[in-house]
Amino acid sequence: MDAQRIAALSSAGVAVDVVAETGSTNADLLARAATLSAPLLLIAEHQTAGRGRAGRSWLSAPGHSLTFSLAWRFEGGLPALAGLPLAVGTALAETLGRLGQPVQLKWPNDLLKDGDKLAGILVETQAAAAGTWAIVGIGLNLAMPDELEERIGRPVAAVPWLARMDRDALMAALLDGLAQALQAFAAKGFAAFSARWNLLHAYQGQPVTIVDRGEVLHEGLAAGVDDGGRLLLDTEDGRIAIVAGDVSLRVKT
Ligand code: ATP
C-alpha cells in the first residue's frame, strides 16, 4: 500500500504511514501518542501480534486483511469517549454498505457479515497534555485463507469482492468515513450515532446472553443501544442497560 496515494485519495487531511510489518499498530501509536500533534493513520501490511479486547488476539494474514490504527485527539477526558467504539463500528459499517457490502453490528465492537465476524475494533486511550488520544484500531478480513480460519478456530467472514478493489482507494474510503465519524463524535457524542447503530444491529429483538469469561451475567432480548452506547436488554425483570467493559454478547441457542 502507498501512504502518499492513500492521503491523496482521501479528503480527510490526515497524515498516513505504511509499514511492511509490525506487532500491533495500536501499540505503535500508543507509544508515539505523546509526540503526535495531529491525527495519524498507521497501516501495517502485516500485523504479527494484533490485539483484541481483554488480551485476546486478532489474527491476520499478509495481503488478505486490512490492519490499521488511527490516532485522534479528543478534548476532555475518558468519560467523554464512552460509545466511541460503537461510533467507529457505525462508520465502518456504513462505508462498507456504500461500497456494496452490507454488514451488521454486534455489540459492542464487532462487524458481522452473514452472522460471522468480519472486523474487530479496539479503542485504546492515552491522556494528552490537553484532552485524550484515542487510538482506534481496526482489523478487517478481506479474504480468509483456510489456514487462518483454522488458527482462529471459529467461523469468520471476509469480503472477497472488496479484496479485489484498489487497496489504497478502499483504505481512503474507510479513512474518510472514520474521520467524519470522529469529528461528529467529538461534537455530539454517541447520541449522533445511536439510531444509525440500531439500524445495523445484528440481533435486534433476539434472545441473547451477556457473558463474562464464560459466566452468564444476564439474558434477555436485545433491544439496541442507548445514547451512551449501552446495550439495552429486556429481561424478565424489565429493561436494563449494560456497559461494555469486558463482557461479551452471545446469541442464545
Ligand atoms: P466476543 O465479543 O466475540 O467475545 P470480542 O468482540 O471481545 O469477542 P475481540 O477482542 O474484538 O473480540 O477480538 C478477538 C477475538 O476475535 C479473538 O478471540 C478471536 O476469537 C476472534 N478473531 C481473531 N482474529 C480474527 C479475524 N481475523 N477474524 C475474525 N475473528 C477473529
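In which loop is Pro108 found? Pro108 sits between strand S6 (104-106) and strand S7 (110-113). The model is predicted. The ligand takes up the space of the largest pocket. Around the ligand there are 16 residues.

**Ligand shell**

- Arg53, Arg56, Leu59, Asn141 and Arg250 come nearest to the ligand, out of the 16 residues around it.
- By class, the shell around the ligand holds 7 charged, 5 polar and 4 nonpolar residues.

**Polar contacts and cover**

- The side chain of Arg56 places an N or O atom 2.6 Å from an oxygen atom of the ligand.
- Asp110 has a polar side-chain atom 2.9 Å from a ligand oxygen atom.
- For Ser248, an N or O atom of the side chain is 2.9 Å from an oxygen atom of the ligand.
- On its own, the ligand has 650 Å² of accessible area, and the protein covers 93% of that.
- Two elements give two or more residues to the shell around the ligand: strand S4 (57-58) and strand S14 (248-251).

**Helix H6**

- Helix H6 spans residues 167-188, which makes 22 residues.
- From its first C-alpha to its last, H6 reaches 31 Å. That is close to the 32 Å expected at 1.5 Å a residue.
- The N-terminal end of H6 is capped by Asp166. A side-chain oxygen of Asp166 lies 2.9 Å from the backbone nitrogen of Asp168.

**Backbone details in loops**

- Most peptide bonds are trans, and most residues other than glycine have a negative phi.
- The bond from Trp107 to Pro108 is a cis peptide, with omega near 0 degrees. Pro108 belongs to the S6-S7 loop.
- Ala54 is not a glycine, yet its phi is positive, at about 50 degrees. Ala54 lies in the loop between strand S3 (50-51) and S4.
- Asp114, also a residue other than glycine, has a positive phi near 50 degrees. Its place is the loop between S7 and strand S8 (116-127).

**Where the topics meet**

- S7 covers residues 110-113, and Asp110 has a polar side-chain atom 2.9 Å from an oxygen atom of the ligand.

Technical notes: Residues numbered from 1 in each chain as written. Predicted model: local features only at pLDDT ≥ 70, side-chain atom pairs only at ≥ 80, totals over all residues. Heavy atoms only, no water. Near = heavy atom within 4 Å. Polar contact = N/O pair within 3.5 Å; in protein donor to acceptor, adjacent residues only side chain to side chain. Areas by Shrake-Rupley, 256 points an atom, 1.4 Å probe, with all protein chains shown as cover. 1 Å grid on protein atoms, 1.4 Å probe; cavity = no way out; pocket = protein on both sides within 12 Å on 5 of 7 lines; lining within 4 Å. Sits in = over half its atoms within 2 Å of the grid points. Helix = DSSP H or I, 4+ residues; strand = E, 2+ residues; numbered from the N terminus. Nonpolar A, V, L, I, M, F, W, Y, C, P; charged D, E, K, R; others polar. Expected span 1.5 Å × (residues − 1).
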